[in-house]
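Hi,

Here is the structure I promised to pass on. Please have it open while you read my notes.

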Amino acid sequence: MFEEPQSRPLYIAGLKAELLCKGVYPNDVAKAMYQRQNPYGDWKTGNVGIHISIDGASSALVTISHQFDRKSPYSLEAIESGLALLKNGLVVCRVEEVSTGNWCHKKTSTGIAMGNFFLHEGKKFLHQAYTGCDYYAGGKQCKFCGTGAKWEIASPTEVAQIVSEALRGNSAYHVCLGGGTRMPLSRNVDYFCECASVIRENNPEVPIWVEMVPPESDDDILRLVRAGVSSFGFNIEIWNDELRKGICPGKSEIPKTTYLRACQKVVDTLGPNRVGSCLLVGLEPIKDSIECVRALADVGSQPCILPFKPWDKSAFRYRPPCRPQDLIEASEAAVDAMIENGICPDRNQGCLLCEGCTIDHDLYKIKVNQIYRGKKK
């Protein structure tokens, strides 16, 4: 059990770092929660676990579905007043289940349950579920990814239907589109443009965040914005050039400078806090990860720090997961870089606003409060 420090937020951030890196043991309580939150068993790279609120202070998306989760010291247990998180059999704190909206059981016009195509994450994030990647089909998949080669994804018409239905129950939703890469890259742009356009026909104000590899030209970014996309994620994943070639043989064909240029174009077009890039910690030296967060923040892109976890379906399924201390160190560097460059993770959209997969938001709040208290003194 943790030795709780003077700062409760720091304690929660440290606990969350361990949960994100180590997952939760898949006992009956955890598996039942997974079934309620993901009733159609979608195997999406970012959501193969359960979403919990930690002691009312933060939320986390934690894995239960992989072999490494079976080694986790953490487990869930039903208690008289709700749910408890345990470490090595000792109660750590209370947790609550994040509930999914009823929209997921309704059918699209093609007769498929909407929960096959989208999942609820956090408090207000409608996240596209998918399988398939053309890099994977061509033998150039990212070694940490288990999304597979066969595409299964909603059509733009189905996307718009699901968004409209979900918004009826939760008007605060942000739409998170993305995953996998279509080749040629223009197919990504075409698909997301059509999705955004049909969503906008009935929902002109909903935030639409798109995750994709950087398109081939700045004109493609402008085309996506005109179609209705309001924020972007261009995930660089790995910064070290040599490691990047081996880990991401397909994506590494796109230069890092292209990622940074695309981020800068979004900032120039949409303003601050509308673009970010995910970085996986635990597969390269920590100094490279820190160099990456500074490069991203310098062009106005929010660095989103994710811990590497060995998905069962990936080539790296036998590698050790990221160490919590490395996640904390890289996240602290990211927060410092964000503050220095005027980036606020709590003002972004989509996945970059969600706190479920990172500790960035938790540490940002702690750091800003420390700065505020220092100024008051």
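Below are my notes on the charged pairs and the cysteines.

First, some ground rules. This is a predicted model, in which local features need pLDDT of at least 70 and side-chain atom pairs count only at pLDDT 80 or more, while totals for chains, interfaces and linings use all residues. Residues are numbered from 1 along each chain as its sequence is written, and side-chain values use heavy atoms, with hydrogens and water left out.

**Salt bridges**

I counted a salt bridge wherever a side-chain nitrogen of Lys or Arg comes within 4 Å of a carboxyl oxygen of Asp or Glu. That rule gives 18 salt bridges.

One of them joins aspartate 134 to arginine 187, with 3.2 Å between the closest N and O atoms. The partners sit 53 residues apart, aspartate 134 in helix H3 (residues 134-137) and arginine 187 in helix H5 (residues 186-202), so this pair links distant parts of the chain. Helices here are DSSP runs (H or I, at least four residues), numbered from the N terminus. Aspartate 134 is buried at 18% relative accessible area, whereas arginine 187 is partly exposed at 38%. For those words, buried means under 20% relative accessible area, exposed over 50%, and partly exposed in between (1.4 Å probe, protein chains only).

Another salt bridge pairs aspartate 336 with lysine 367, at 3.5 Å from N to O. Because aspartate 336 belongs to helix H10 (residues 324-340) and lysine 367 to helix H11 (residues 360-376), the pair ties together parts 31 residues apart in sequence. Aspartate 336 is partly exposed, at 30%, and lysine 367 is also partly exposed, at 30%.

Arginine 323 and aspartate 326 form a salt bridge too, at 3.0 Å from N to O. Here arginine 323 is partly exposed at 45%, while aspartate 326 is buried at 16%.

There is also a network of salt bridges that links Glu18, Lys22 and Lys87.

**Cysteines**

How many disulfides are there? The count is 0, taking a disulfide as a pair of cysteine sulfur atoms within 2.5 Å. Cysteine 104 is in no disulfide, and its nearest cysteine sulfur, on cysteine 176, lies 16 Å away. Cysteine 104 is buried, with 3% relative accessible area. Cysteine 145 is buried, at 14%.

Happy to go through any of this with you.

Best wishes

Notes: Helices (H or I, at least four residues) and strands (E, at least two) are DSSP runs, numbered from the N terminus.
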